[in-house]
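Biologist: I should like to learn how to read the features of a model such as this one. May we begin with the structure itself?

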Amino acid sequence: MPDDTRVTIPLASSTMISAPRLQINELSVGYGDLQVIEHLTLDIPTGDLTAIIGPNGCGKSTLLKAMARVLPARAGQVLLDGQPVHNMQTRDVAKLMALLPQAPVAPEGLCVRELVAQGRFPHQSFIRQWSRKDTDAVARAMAATDTECFGDRSVDALSGGQRQRVWIAMVLAQETPILLLDEPTTFLDLKVQVDLMTLLRRIAHEDGRTLVIVMHELNVAAAFADRVVMMRDGMVLAAGAVTDVFTEGNLAEVFGLSATVLSDPETGRPVCIPRLGAR
Amino acid sequence: MTGRRTAICALALAGLLLILSWHISVGAKAIPLTTVVQALLFYDDTIFDHVVIRDLRLPRALMAVAVGAGLSVAGALMQGVTHNPLADPGLLGLLAGASLAVVLGTALGIGSAAAIPPLAAFGALVSGAVVWSIAMAISGGATPMTLVLSGAAVTAFLTALTAILLLIHQTVFEALRVWLTGSLAGRPDQVGLWATGWLLAGLVTALGVARKITTLAMGEDTATGLGVDVAKLQMAVLFSVVALTASAVALAGPMGFVGLVVPHMVRLIIGYDYRLIVPWAAVVGATYMLLADIAARMLLAPIEVSTGLITALLGAPIFVWLVRTRL
């Protein structure tokens, strides 16, 4: 469907509560003997799309996992409205913050609609069984991601881009004010990346949800993010509005990349072009 | 959709009741189905067949139901949580560990009716932990392949230990010889009551965590993001698997391949939602065990074959098929 004919569908019920504040305070995370992140402090702006970028192994995925309480904090805290997430009831956190990990597994035999319905998990219990509200949330999430047309198909039968839209639908169905996504566009064609990022930016701006996305493609991050966090060696070297942070100096320092940063004449956003022959 | 589901459910329960009646009618003396139904609904202790049914055949049928349901649900949970299509209490060494513990306990004179299920549970837990640690120590970690290999090695070792114990203790050998081949013929004592308690605890836990197992099948990170306490869930599943395995072993000895075969059959029929898989595994497992026990008594009649031999005869080819198609 071409973008100009797309009908804008509300992404969430109007009762969506305003996003709580997400802060990282002196956080240290590691695996075994390896300390990946040490004393990291960062404020995530509410209602914005924040992209975390950095070279491989810089700790950006580790940071996201710690924010999502998949990894424990060795020191410091991740705060949701001042409350440390690692001490909260995990189901309560899941009502405020959704996570799309890097390699989610689609259980075989589950159709797209059933997979999206899994996003309703934190809203259900023995007492509170599946209801009209859950059906509506799933329908909204599938409409927003344009996945209704293959709702009854098996997830394995889809293309990479379609599959990623289904997973995004699942975390949308969770109806949380905060979404954390770990490299949702990696390994996809550029066109598909652009479509997904357009969708994610819409989710942030139209519903005022906070999105934190770990990204690999620098120019895609620069084109879509409101804020950029640049990491290296487990530390945040730069964080702020895209135009302030996405500079030749920072790219050289964080990635060791010698590049020219131009301004997109249409959007005014920065674009980096690696310098050939330079080291 | 719901209507169709209710219909299939009713059909399955009707099938279970029918096969249960057939199971009761089969034996040294064939009893007509009408008499079976009469004895169950309008019991009359002046009729000899009714007494046979109430005192001998019904307990055996209920034992088959319990063992089949327990092992099948245990297998379904193991397969769901470990993402391993070859997970089964037998293949991963739990049955061998539980059996050895029961034999050892009996030899030491602590094998009272109340003690047998906890002994079996302890054995299943220890052998399961050993199988898991061996598989983890192999480079590449606990894959379906390393787990099955490690399970085979541990089972062989524990079975040898059991055989040695039986050689030393002639009386224990006499008491447990048939039980050790997986049989529904023995155990007319108090063990049944205690084992039923363990079975119910395991089943209730399994039903309670069923919904979360579907979530866990999407990966631990995704499950955590959805608000599942993964560590707590794994403990609950471990408890359920051990309790179910222990009650099945306490009742009928090591009954191989049931926990492997039945969950796969169930998934073919009803898909991947564990809220449905757990109750269905119980019903289909019970039916499967009743059929296996009917075959055990009819195949070489009047000689009775151990039911565990039948489940192995049926299960081994299916195991080979699973290895070829799923690994």
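Biologist: Which residues have the most contacts inside the largest nonpolar core, and how many residues does that core have?

Modeller: Please note at the outset that this is a predicted model. As a general idea, nonpolar side chains in soluble globular proteins tend to be buried together. Here the largest nonpolar core has 182 residues, and those with the most contacts inside it are Val116(A), Leu180(A), Val73(B) and Ala120(B).

Biologist: With which residues is Leu180(A) in contact, leaving aside its neighbours within four places in sequence?

Modeller: The partners of Leu180(A), with those neighbours left aside, are Leu64(A), Met67(A), Ala68(A), Met97(A), Ala98(A), Leu99(A) and Val212(A).

Biologist: Which residues of H5(B) are buried?

Modeller: The general idea is that an α-helix has 3.6 residues a turn, so residues three or four places apart point the same way. In H5(B), the buried residues include Ile116(B), Leu119(B), Ala120(B), Gly123(B), Ala124(B), Ser127(B), Val131(B) and Ala135(B). The cover over the buried residues of H5(B) includes helices H4 (94-107), H6 (144-168), H8 (191-216) and H10 (230-252) of chain B.

Biologist: What span should helix H5 of chain B have, and how far apart are its end C-alpha atoms?

Modeller: H5(B) covers residues 116-137, and at 1.5 Å a residue its 22 residues should span 32 Å; the end C-alpha atoms are 32 Å apart, which agrees.

Biologist: How many helices and strands does chain B have, and what radius of gyration?

Modeller: Chain B comes to 13 helices and zero strands. A compact globule of 327 residues would have a radius of gyration near 20 Å, and chain B agrees, with 20 Å. Along the principal axes, the C-alpha atoms of chain B fill a box of roughly 65 × 60 × 35 Å. Of the 327 residues of chain B, 50% count as buried. Among contacts in chain B with a separation of 6 or more, 74% are between residues 24 or more positions apart.

Biologist: Let us turn to strands. What is the order of the open sheet of four strands in chain A?

Modeller: The order is E2-E1-E4-E5, with antiparallel pairing. E2 and E5 (83-84) stand at the edges with a single partner strand each, so one side of each has no neighbour in the sheet. Seven bridges pair E1(A), residues 22-31, with E2(A), residues 34-44, and Tyr31(A) stands opposite Leu34(A). These two strands form a hairpin with two residues between them, and Gly32(A) in its turn has a positive phi of about 55 degrees. On to E4(A), residues 75-80, E1(A) is joined by five bridges, with Leu79(A) as the bridge partner of Gln23(A). Two bridges then pair E4(A) with E5(A), where Leu80(A) stands opposite Gln83(A).

Biologist: In which sense, parallel or antiparallel, do E3 and E9 of chain A pair?

Modeller: E3(A), residues 49-53, and E9(A), residues 227-232, pair in the parallel sense over four bridges, and Ala51(A) stands opposite Val228(A). By contrast, E9(A) pairs with E10(A), residues 235-241, in the antiparallel sense over six bridges. E9(A) and E10(A) form a hairpin, and Asp233(A) in the turn has a positive phi of about 50 degrees.

Biologist: How many residues of chain A are in contact with chain B?

Modeller: The size of an interface is often given as the accessible area lost when the parts come together. Counted by contacts instead, 22 residues of chain A meet 16 residues of chain B. The largest share of the chain A side, four residues, comes from H2(A). By class, that side has 13 nonpolar, four polar and five charged residues.

How values were computed. Residues are numbered from 1 along each chain as its sequence is written. Chains are lettered from A and ligands numbered from 1 in the order in which they are written. This is a predicted model: local features need pLDDT of at least 70, side-chain atom pairs count only at pLDDT 80 or more; totals for chains, interfaces and linings use all residues. A nonpolar core is a set of buried Ala, Val, Leu, Ile, Met, Phe, Trp, Tyr and Cys residues joined through C-beta atoms within 7 Å. A residue is buried if 20 or more other C-beta atoms lie within 10 Å of its own, exposed if 12 or fewer, and partly exposed in between; C-beta atoms are placed from the backbone. Two residues are in contact if their C-beta atoms, placed from the backbone, lie within 7 Å. Ala, Val, Leu, Ile, Met, Phe, Trp, Tyr, Cys and Pro count as nonpolar, Asp, Glu, Lys and Arg as charged, and the others, Gly among them, as polar. Two strands pair if DSSP finds at least two bridges between them. The expected span of a helix is 1.5 Å times one less than its number of residues. The radius of gyration is taken over C-alpha atoms; the globule rule is 2.2 Å times the number of residues to the power 0.38.
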